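Here are some questions of the "how do you know" kind, with answers that set a value against a rule. Look at the structure first, then read on.

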Amino acid sequence: MHLNTVYITVGTTQFDALISTASSEPALKALQKLKCTKLVIQHGNSQPLADDEIQLIRKNYGIQIEQYKFRPNIEDVKSADLIIGHAGAGTCMDILNNHKPGLIVINDTLMDNHQLELAKQLAAEDYLYYCKVTDLDAQLATLDFTALKPYETNPENLSKFVSAINQLMSH
């Protein structure tokens, strides 16, 4: 499988663990095996990678790095071959609406972790995968992103999906 461009997004949150794990040696080796040549990182309020880290990644793994705090468009979603992101509803909908394979990483440091319920439901319907940040590298190395179903946007599906999420969150 060739995932030339991988987009990592944390939205507006601070999720340093996702950025540091995605740029760690095990995750970079897994991305390299997936033929990733470019990693675009939207770091939000997380700590960006240092210039020397970017240079090492380029040298050791042949992966170009582009990073930024925020951008007002979703061009990176549209051009990515894989999206790795936090489980915010906006990120999940961007993945689904743009028919992209996605790996959602749960931020289990949040107090009310509604992200887990959302990710579980989407994974149960085979729209994306999810994991904890500690499992990111292993998931990148083993998952078959071609097995995911494309999300078909229509009012009936959206209504069913929102109802299922609301039921999960009310328990």
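A salt bridge is a side-chain nitrogen of Lys or Arg within 4 Å of a carboxyl oxygen of Asp or Glu. This is a predicted model: local features need pLDDT of at least 70, side-chain atom pairs count only at pLDDT 80 or more, and totals for chains, interfaces and linings use all residues. Residues are numbered from 1 along each chain as its sequence is written, and side-chain values use heavy atoms, with hydrogens and water left out.

Q: What makes glutamate 66 and lysine 38 a salt bridge?
A: Their closest N and O atoms are 3.4 Å apart. The rule asks for within 4 Å, so the pair counts. Glutamate 66 sits in strand β3 and lysine 38 in strand β2, 28 residues apart. Strands here are DSSP runs of E, at least two residues long, and helices are runs of H or I, at least four; both are numbered from the N terminus.

Q: How do you know that arginine 71 forms salt bridges with glutamate 66 and aspartate 76?
A: Check N to O. The value is 2.8 Å for glutamate 66 and arginine 71. For arginine 71 and aspartate 76 it is 2.7 Å. Both values meet the 4 Å rule, so both pairs count. The whole structure holds 4 salt bridges.

Q: Why is aspartate 76 called buried, and arginine 71 partly exposed?
A: Buried means under 20% relative accessible area, exposed means over 50%, and partly exposed lies in between (1.4 Å probe, protein chains only). Aspartate 76 has 10%, so it is buried. Arginine 71 has 34%, so it is partly exposed. Glutamate 66, at 27%, is partly exposed. Lysine 38 is partly exposed too, at 32%.

Q: What makes arginine 71 lie over the face of tyrosine 68?
A: A charge sits over a ring if NZ of Lys or CZ of Arg is within 6 Å of the ring centre and within 35 degrees of the ring normal. Arginine 71 is at 3.8 Å from the ring centre of tyrosine 68. Lysine 149 lies over the face of tyrosine 127, at 5.0 Å.

Q: Why is the pair of tyrosine 129 and phenylalanine 145 called edge-to-face?
A: Rings of Phe, Tyr and Trp (its six-membered ring) pair if their centres lie within 6.5 Å; planes under 30 degrees apart count as stacked, over 60 as edge-to-face and the rest as tilted. These centres are 5.7 Å apart and the planes stand at 75°, so the pair is edge-to-face. Tyrosine 129 is in strand β6, and phenylalanine 145 is in the loop between α7 and α8. Phenylalanine 145 is buried, at 3%.

Q: How do you know that β2 and β3 pair?
A: Two strands pair if DSSP finds at least two bridges between them. Here 5 bridges join β2 (residues 38-42) to β3, so they pair. The two strands run parallel. In one of these bridges, leucine 39 has isoleucine 65 in β3 as its partner.

Q: What makes β3 and β6 edge strands?
A: The open sheet has 6 strands in the order β3-β2-β1-β4-β5-β6, with parallel pairing. Strands β3 (64-68) and β6 (129-132) each pair on one side only.
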